[in-house]
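This report describes the fold of one chain, from its overall form to selected residues. Please consult the sequence and the model shown below while reading.

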Amino acid sequence: MSQNRAGLAGVIAGQTAISTVGDEHAGLTYRGYAIDDLATGASFEEVAYLLIHGRLPTRNELSVFQARLIESRYLPPQLVNVLETIPADASPMDVLRTGVSMLGTLEPEPQDAAGLGGVAERLVGVLPSMLLYWFNYHVNGRRIDVETSERTVAGQFLRLMHGAAPESRAEQALATSLILYAEHEFNASTFTARVITATQADFYAAITGAIGALSGPLHGGANEQAMALIDRFNDPQQAEAGVLDMLATKQKIMGFGHRVYRESDPRSTIIQGWARLLAGDDAGRLAVYNVSTRIAEVMWREKKLFPNADFYHASTYRFLGIPTALFTPIFVMSRLTGWAAHIIEQRADNRLIRPSAEYVGPDRQTFVPIDRRGQ
Ligand code: COA
């Protein structure tokens with residue numbers, strides 16, 4: 001009998017001490033800490049330290065860590081050349097994938113295992129620089145200085161994006177988003193990173209592959225697709241009619257459903273709160289927010305499907321003035337920390353990941369040489 005589980009759904013494919021997801025008792029936790037506590041009480045940098053180094057930092061450790069992230073923002077000139085050469089109409093996800101790959105040739109991974117944390121920190125520091133240098137060069141025609149004195153990754157991103165010091169509420173909203181997106185057990189991109197790591201390929205190979213996996217609309221790309229959906233409707237009535245039509249024709253509504261969660265995604269409530277807060281009483285923003293909530297109501301009523309982490313990220317990022325094409329790259333900037341944790345964990349107790357397939361092809365065939373196969 002077939003042992004096949006389509007999409008590996010429900011298959012336990014390994015052990016991890018990094019996070020629990022959809023656990024009936026624990027819910028979503030990073031190294032034992034509840035996501036709600038981290039999202040309300042920690043900075044993204046603390047969470048990044050927790051994931052990369054395995055425990056929460058002390059105040060001193062955090063300040064040294066933050067200083068290292070700040071020092072990691074510089075772009076080597078060869079990388080700047082590559083960023084300027086990538087076409088203006090390239091996907092920003094491909095920019096990050098290419099940038100990480102190029103950096104891997106310039107700053108190869110050190111041979112000692114302890115060096116991995118350093119590579120992870122370098123990437124956390126430099127990813128916003130890569131993305132926004134390329135964006136400003138091609139979209140705004142400006143060569144920007146990426147070495148700012150902003151203390152946080154969120155602050156750095158917003159400053160490079162808008163060319164001005166970020167408002168503290170905007171910085172806090174983006175930092176919360178980075179915390180929510182940081183880690184999620186054996187999701188597709190993390191599993192990709194682990195499969196690549198298990199072959200003993202290097203850190204950059206694993207991250208490059210993970211970025212590729214995250215770019216797909218069924219995974220990280222869903223936040224951009226959710227925005228495109230919301231943008232199709234001017235008001236809640238239109239949204240209701242449009243979504244009902246899509247469901248009637250069996251189309252997928254991006255930003256809904258989840259492989260693991262069955263009733264709700266704990267990240268969604270938190271980011272929805274930020275979307276509502278940022279909408280304030282601005283009529284344009286409220287229109288976007290009200291379209292979003294109506295889509296969620298229809299999806300629950302019709303399909304018992306709930307918004308996943310991506311859905312309200314769309315309106316939150318819109319209200320932060322971030323162009324839609326940069327939504328999924330922000331996810332990379334955050335999930336990088338979870339990928340790093342998994343790469344380090346996989347290395348520490350490695351075995352090649354190589355499952356088997358159930359063969360469904362033709363029976364044994366008689367081989368006919370090409371000159372006897374006719375035209
Ligand atoms: N819109 C409409 N229907 C959906 C849906 C969605 N977003 N998500 C799931 N469904 C339906 C499927 O059509 C299917 O119905 P059926 O049994 O009548 O065919 C059923 O729910 C099960 O869905 P399936 O795609 O098999 O579940 P999965 O576990 O393989 O996939 C996702 C999980 C996340 C890939 C899926 O829910 C999805 O594609 N969501 C949209 C993309 C998205 O938001 N991704 C981000 C995930 S965090």
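In which helix is the place of Y137? Y137 belongs to helix α6, which covers residues 115-139.

## Basis of the report

The model is a predicted one, in which local features need pLDDT of at least 70 and side-chain atom pairs count only at pLDDT 80 or more, while totals for chains, interfaces and linings use all residues. Residues are numbered from 1 along each chain as its sequence is written, and side-chain values use heavy atoms, with hydrogens and water left out.

## Overall form

The chain contains 16 helices and three strands; helices (H or I, at least four residues) and strands (E, at least two) are DSSP runs, numbered from the N terminus. With a radius of gyration of 22 Å, close to the 21 Å given by the globule rule for 375 residues, the chain is as compact as a globular protein of that length. The radius is taken over C-alpha atoms, and the globule rule is 2.2 Å times the number of residues to the power 0.38. Along the principal axes, the C-alpha atoms of the chain fill a box of roughly 70 × 55 × 50 Å.

Of the 375 residues in the chain, 49% are buried. The term buried means under 20% relative accessible area, exposed means over 50%, and partly exposed lies in between (1.4 Å probe, protein chains only). Among contacts (heavy atoms within 4.5 Å) between residues at least 6 apart in sequence, 74% join residues at least 24 apart.

## Surface and charge

The chain carries 34 positive and 40 negative side chains, and the centres of the two sets are 5 Å apart. Lys and Arg count as positive and Asp and Glu as negative, whereas His and the chain ends are not counted. Each charge is placed at NZ of Lys, CZ of Arg, CG of Asp or CD of Glu.

## Domains

The chain is divided into domain 1 (20-213 + 326-348) and domain 2 (222-319), with bounds that come from an automatic or database domain assignment. Their contact takes 22 residues from domain 1 and 19 residues from domain 2. The C-alpha centres of domain 1 and domain 2 lie 26 Å apart.

## Residues within helices

Y137 counts as partly exposed because its relative accessibility is 25%. Leaving aside neighbours within four places in sequence, Y137 is in contact with E84, R142 and R143. Y137 and E24 are separated by 113 residues in sequence and by 47 Å in space, C-alpha to C-alpha.

L158, in helix α7 (residues 153-162), has a relative accessible area of 2% and is therefore buried. Not counting residues up to four places away in sequence, L158 touches G163, A164, P166, A170, E171, L174 and L320. The C-alpha atoms of L158 and G41 are 21 Å apart, with the two residues 117 apart along the chain. T293 is placed in helix α14 (residues 283-303) and is buried, at a relative accessible area of 18%. Leaving aside neighbours within four places in sequence, T293 is in contact with Q272 and Y312. T293 and E345 are 52 residues apart along the chain, and their C-alpha atoms are separated by 39 Å.

## Residues within loops

S72 is located in the loop between α3 (59-71) and α4 (77-85). With 10% relative accessibility, S72 counts as buried. Apart from residues up to four places away in sequence, S72 touches E121, R122, G125 and V126.

Most residues other than glycine have a negative phi. R31, however, has a positive phi near 45 degrees and is found in the loop between β2 (27-30) and β3 (33-34). At 23% relative accessibility, R31 counts as partly exposed. Q200, which is not a glycine, also has a positive phi, of about 70 degrees. Q200 is placed in the loop between α9 (188-198) and α10 (203-214), and its relative accessible area of 69% makes it exposed.
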